[in-house]
Amino acid sequence: FETRSPSSPGAYAMSDALYASMPGWQAAIVKPFASVTGLPPGTVLFTLALFASLPLGFGFVCVPTPFLRNLYSLITGTLLSYFAFGRSTYQCFVFLVLSYATMFVTRKHCGVLVFLGSFGYLIALHATSASGESWKAGNIDITGLLMVLTLKVTACSLNYMDCGRVPPSERNPHLKKVAVETLPDFLEYAGWLLFPCTLVVGPAIEFREYHDWLHRKGHWGAASDVSNASKKAPPGLIRRYARVAWLVLYSSLFCVVHLVVMRYYTIDTTYLSPSWNEKSLLTKFWQLHMLGQGSRGKYFFCWVWAEASCVASGVGFGGYDETTKKPKWDVATNVKPMGVERAATFVEIPKNWNVKTGMWLRHYVYDRCTPAGKRPGFTQLLLTQIVSGVWHGLYAGYWLFFVSSAVFVHGSKGVYRWQKDQKTVPKKMMWALDFPLWVLTTVGLNYLCGAFMLVTYDQCMNAWGSVYFIPHLTVLGMVFFSETVGRAAAASAKKAKKELDAKTL
């Protein structure tokens, strides 16, 4: 799913080079699809691999034992990667062997070593493969898959390291949930790492989740199983497949939206158009808004489709809701499209967008860089966003996007808190305060997306400069407001509460 027009010179050049590097059987499959759809060959391979993840997910139902399910996962995941990325698939086994060997050799330091080693390896691949330019042209390479593996190996090794030094009684709720008490079985580790349902686009499910599903423990177990706290068996195949059908339809809707919007709005017809600077400011904001909306559609489609594949396999079942008693299907939920579109502040976006990566950043970066006994602040937020930028690649556009996102989140958080403290505003009139924040969030997100699509520093700055950096300046104003008026209002409210409590006593 390209952000550039398929007819752009860069797209043609990369497509020709990719065809030349393909084996004959692969080119024979790709060329008919590419000629009909107009998509670059890399995008065709990626899309076909994504589609294949669904029937592979259904296939797990037919595999009877944990050993065979691990073997099935490893073989199908390897073949899926080879189909999409050819001989580059050997990189998956580099991650597999080196991360496992590190956990085997040194439990005390494996988390840190795997974190530094996998990120270093990924950064080197980003640099040597020029992944940003490839993805920009729609020719998706294996770096996206390896980004998912990076999250997996770092999470597993850190959890294994932590469980070796933190007694069970002192563990936080997250570590209790994802605990890796002993060195994983090698075949099970390999099957989890190359699990076909999440291999192409993620999300990165925890090893403990895969292990419990594989061995039918916890909420995946029978009602009589001692590890199943709910004492209810998982939903039957009819309910599971009904959920799969809904997710497939839902994801297809976003695929259609993306394809329709991208017929008219691409980076070549907007930011990179020779006539871009001749357009009015209002027209520019409208077009960048449409470009952002259409581009998000492809992510919605891919992640919801991957979620459907996980539900089909069974691993997507997340237990029963304690209140409604209805089944949850949230283990592999990586995006909540309506949550993104309705977000009134930037603070709400990470809760709904790339959810599993956000959880990884929260538990393995944000929380770990916060000093014990202290509240996290802007420094921790900025560091987390920098790690996210490095994970995506070395292109300036990624860094600009994530560093700017940190400022946008910080600014909107302060104003949101001030807004909620306005007790004099009737609840039915709160929309008057929410609506401007929603507009700023939507426009700001689509504005920032330009950096993610353009990737190079000069193009990003030219794109933002063409609309006079208005969203950036607005958010800086919000930061100033929250640090002055917002802090004063919070202090005043806190003082009033103390006085009221004193009178009550």
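Analyst: A word needed from the start is "buried", which means under 20% relative accessible area, with exposed meaning over 50% and partly exposed in between, for a 1.4 Å probe and protein chains only. The model is predicted, so local features need pLDDT of at least 70 and side-chain atom pairs count only at pLDDT 80 or more, while totals for chains, interfaces and linings use all residues. Residues are numbered from 1 along each chain as its sequence is written, and side-chain values use heavy atoms, with hydrogens and water left out.

User: Which residues of H4 are buried?

Analyst: Helices (H or I, at least four residues) and strands (E, at least two) are DSSP runs numbered from the N terminus. Helix H4 covers residues 66–85, and its 20 residues reach 28 Å from the first C-alpha to the last, close to the 28 Å expected at 1.5 Å a residue, where the expected span is 1.5 Å times one less than the number of residues. Its buried residues are Arg69, Asn70, Ser73, Leu74, Thr76, Gly77, Leu80, Ser81, Phe83, Ala84 and Phe85.

User: How many helices and how many strands does the protein chain have?

Analyst: Of the 505 residues of the protein chain, 53% count as buried. As for secondary structure, the protein chain has 21 helices and zero strands.

User: Is H8 largely enclosed by the rest of the structure or largely open?

Analyst: The end C-alpha atoms of H8 are 33 Å apart, which agrees with the 33 Å that its 23 residues should span at 1.5 Å a residue. Because 21 of the 23 residues of H8 are buried, the helix is largely enclosed by the rest of the structure.

User: Which helix gives the most to the lining of the second largest pocket?

Analyst: On a 1 Å grid over the protein atoms alone, a pocket is an open set of points with protein on both sides within 12 Å along at least five of seven lines, a cavity is a set where a 1.4 Å probe fits but cannot get out, and lining residues have an atom within 4 Å of a point. About 990 Å³ of space lies in the second largest pocket, and of the 40 residues that line it, the closest to its centre are Lys177, Glu209, His219, Gly318 and Val331. Helices H8 (143–165), H9 (173–178), H12 (207–214) and H16 (355–366) each supply at least two lining residues. The most, six residues, come from H16.

User: What is the volume of the largest cavity, and which helix gives the most to its lining?

Analyst: A volume here is the space filled by probe spheres set on the grid points, which are joined across faces, edges and corners, and the structure holds two cavities of 30 Å³ or more. The lining of the largest has seven nonpolar, three polar and no charged residues, where Ala, Val, Leu, Ile, Met, Phe, Trp, Tyr, Cys and Pro count as nonpolar, Asp, Glu, Lys and Arg as charged, and the others, Gly among them, as polar. The volume of the largest cavity is about 50 Å³, and the helix that gives the most to its lining, with three residues, is H19.

User: Is Val455 buried or exposed?

Analyst: Val455 lies in the loop between H19 and helix H20 (457–465), and it has a positive phi of about 65° although it is not a glycine. With a relative accessible area of 1%, Val455 is buried.

User: Which residues are joined by a cis peptide bond?

Analyst: The loop between helix H11 (196–199) and H12 contains Pro203. The cis peptide bond, with omega of about 0°, joins Gly202 and Pro203.
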